[in-house]
Amino acid sequence: MGRRFRAFYAAAVIAVAALAAATVVALVLEAIGASPWATFRVILTGPLQDRFGITEILVRSVPLILVALGVAISFRSGILNIGAEGQILIGILCATGVALAVPEWPRPVLLPLCLVAGALGGALWGGIAGVLRAKLDVNEILSTVMLNYIAAQLYTFMLRGPLIDPAELMTGSGTPQSMRLPRSAWLERLVPGTRLHSGLLLALVLAGLVWVLLWRTTLGFRMRASGAGSKAARYAGIRVERSLVVAMLLAGGFAGLAGAVEVLGVHHRAIENISSGYGFAAIVVALFGGLHPAGIVPAAIFFGLLLVGADMTQRSAGIPANMVLVLQGAIILAIVSARMYVDDPYARQRAARLLGRFLPGGKAGA
Amino acid sequence: MTLGQMAYDILSLGVPFSVALLLAALGEMFNQRAGVFNLGCEGIMSLGAFVGFLPAYLARSGSLGPWADLLGFALAAVVGMLLGLLFGLVTVTFRAPQGIAGIGLAMLGTGVAGTLFRHEIGGVTGVEGVANLPIPGLSRIPFLGGVLFNHNPVVYVAFLLVPASGYLLHRTSWGLRVRAVGTHPRAADTLGIDVNRVRYQALMLGGALGGMGGAYLSLCQAKMFADDLVAGRGFIAVALVYFGRWSPWGVAAGALLFSLAQSLQLSLQVWGIRFPYEFAVMLPYVLVIVVLALSRSRTIGPTALGRAFNREMRV
């Protein structure tokens, strides 16, 4: 079987998977009386109409890149981090807490400190699941999912209690949100009049660093070896458990940093629904990007487009926001199914035989 | 208030609370016994809760009465089966990794339920739900009567399903096949058992039970539907299967433990013992982690759990 057939086969499988996912989404859209074609067109082209839309795509892609990098590290290391959503929230709390505790500190100290605090908070939250898996063999999917729910409650508690803006208590409206962060802790805006902030540059730099970490350092090699085959890795003297904990610390750290960047760059105060599902969307981004930084960055921008487009359909056509979950779920199922077919040599052989039957002497055998 | 009264409050509230978890976890137990780790249970429960609720909602002014609820449970079971089939297609036929695929199904199911709910119903609306059916005679036994025999009929059916599941799993040839394909699929295959077919059957049964667990939430427990009604119970059900060591009685014990913790928390609030509401809501999720950490697999689960079977490969 030639390279050309392989590429053709992979493209065909991916096309079928994309079609299947789109069909599922279209069926749900039909069920709520919306036109699938019109909806897809708005989602894919609506945000590209003006400059603001394009910057919004990039604004959404920043947390997606950061969280997906962490997810990629954890998946590559053989530990499935589903807990980014909770780690983001803890990151927001830590960054907000630091910024409000020492608002008078100079910017060159305060801003990095807030970012580091967010990353550390997320790392701690992710590390819990890592240690539980390494020491007590607790299934990390279940523990991270539970930690998401716990973090969500903790977040609401902090915003309603210790962190609440005193002004909210005075006016009596009681909206659960923190005080506005000091201006010296904000990430600067890249394009005036839009929300695009310098967190984008940070995310791109970190994407490069993650590539170096995973493919150019011993630590990265150990983590990838643990994920590829834990028994072989252990036999080669790699401490697999330690790799798992390190991977979860890093994954949580990236998610926590994403939370800090989001609050320092976009909202400037901790509010409810700040994350709005970035933790789950980033899992899709990481898989879509092939668990590789060079794939994750474009994938995050594409999903940024989908998220902004979905918002537009919600405003213009009244399509419920939950539709984003349908889209993401369908994409996950399509990607994991397609990947197995692309990698399965027997399936490829069968496809080649089938093609050969239709095209006698054709390029399938080449 | 006497200690007996407190115990009565907690138990009589906790027993009906356990049913949604019990149904879903029994279903998940069949999945895992057949070797499939189905995290999509959360999505199955969500969609089951929605379609189960729909007939009762549409017929709320009509005279369908309990038939609407029955229809709801049937619909929820069918939808659960269909989602089980979808999961089978992805993880059994396409052999995709089960953990990530399960997250995908959870998102898909929750998303579809939420989308349809927003479109069809819009806001939170209550229904009459399934009425209590005290068992004549037995419900008048002091203490035990109220705890065990004064609930809606689904509670009794669910608890009868525990021994029924044990019988199905350990005393029928289908149960033997399920355990075989979850423990040593290659040996089962050699004996002429169609491994993938049995896995599909287990997934359909598990899906039906999960869907009905969801319908129980919307029709019997909350008597309404909301986007976040299931709130992780599907994932908790998966954890209960580990805790219950893949046996129906263990699963039932786990479901009861959780619902008692929940009713304890509600009772504390009713009795006026104050602590932050958020920490009360957190409690069951913390309990899952603690339970998972303590119940290290001393009896090992199904050995082929989480691994797709490929006849063409030797390992």
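**Close-up views of a predicted two-chain model**

**View 1. Packing of helices α4 and α11 in chain A.** In α4(A), the residues A:Ala84, A:Gln87, A:Ile88, A:Leu89, A:Ile90, A:Gly91, A:Ile92, A:Cys94, A:Ala95 and A:Thr96 meet A:Gly252, A:Ala255, A:Gly256, A:Leu257, A:Ala258, A:Gly259, A:Ala260, A:Glu262, A:Val263 and A:Leu264 of α11(A), contact being defined by C-beta atoms, placed from the backbone, that lie within 7 Å. By class, the residues of this contact are 13 nonpolar, six polar and one charged, where Ala, Val, Leu, Ile, Met, Phe, Trp, Tyr, Cys and Pro count as nonpolar, Asp, Glu, Lys and Arg as charged, and the others, Gly among them, as polar. This is a predicted model, in which local features need pLDDT of at least 70 and side-chain atom pairs count only at pLDDT 80 or more, whereas totals for chains, interfaces and linings use all residues. Residues are numbered from 1 along each chain as its sequence is written, and chains are lettered from A in the order in which they are written. Helices are DSSP runs (H or I, at least four residues), numbered from the N terminus.

**View 2. Crossing geometry of the α4 and α11 pair.** The axes of α4 (residues 84-101) and α11 (residues 240-267) of chain A come within 7 Å and cross at roughly 55°, the axes being lines fitted to C-alpha atoms over the stretch in contact, with angles running from 0 to 180 degrees between N-to-C directions. The two helices α4(A) and α11(A) are therefore oblique to each other, given that angles under 35 degrees count as roughly parallel, over 145 as roughly antiparallel, 65 to 115 as roughly perpendicular and the rest as oblique.

**View 3. The side of chain A that touches chain B.** Here 38 residues of chain A are in contact with 40 residues of chain B. The helices α1 (3-31), α5 (107-136), α6 (140-160), α12 (278-288) and α14 (323-343) of chain A each supply at least two residues of this side, and the largest share, twelve residues, comes from α14(A). The residues on this side of chain A divide into 29 nonpolar, eight polar and one charged.

**View 4. Two loop arginines of chain B with positive phi.** B:Arg95, in the loop between α3 (66-93) and α4 (98-120) of chain B, has a positive phi of about 55° although it is not a glycine. With 22 C-beta neighbours inside 10 Å, B:Arg95 counts as buried (20 or more other C-beta atoms within 10 Å; exposed, 12 or fewer; partly exposed, in between). B:Arg245, which lies in the loop between α10 (233-243) and α11 (248-270) of chain B, has a positive phi near 50° and is partly exposed, with 18 other C-beta atoms within 10 Å.

Terms used:
Contact = placed C-beta atoms within 7 Å.
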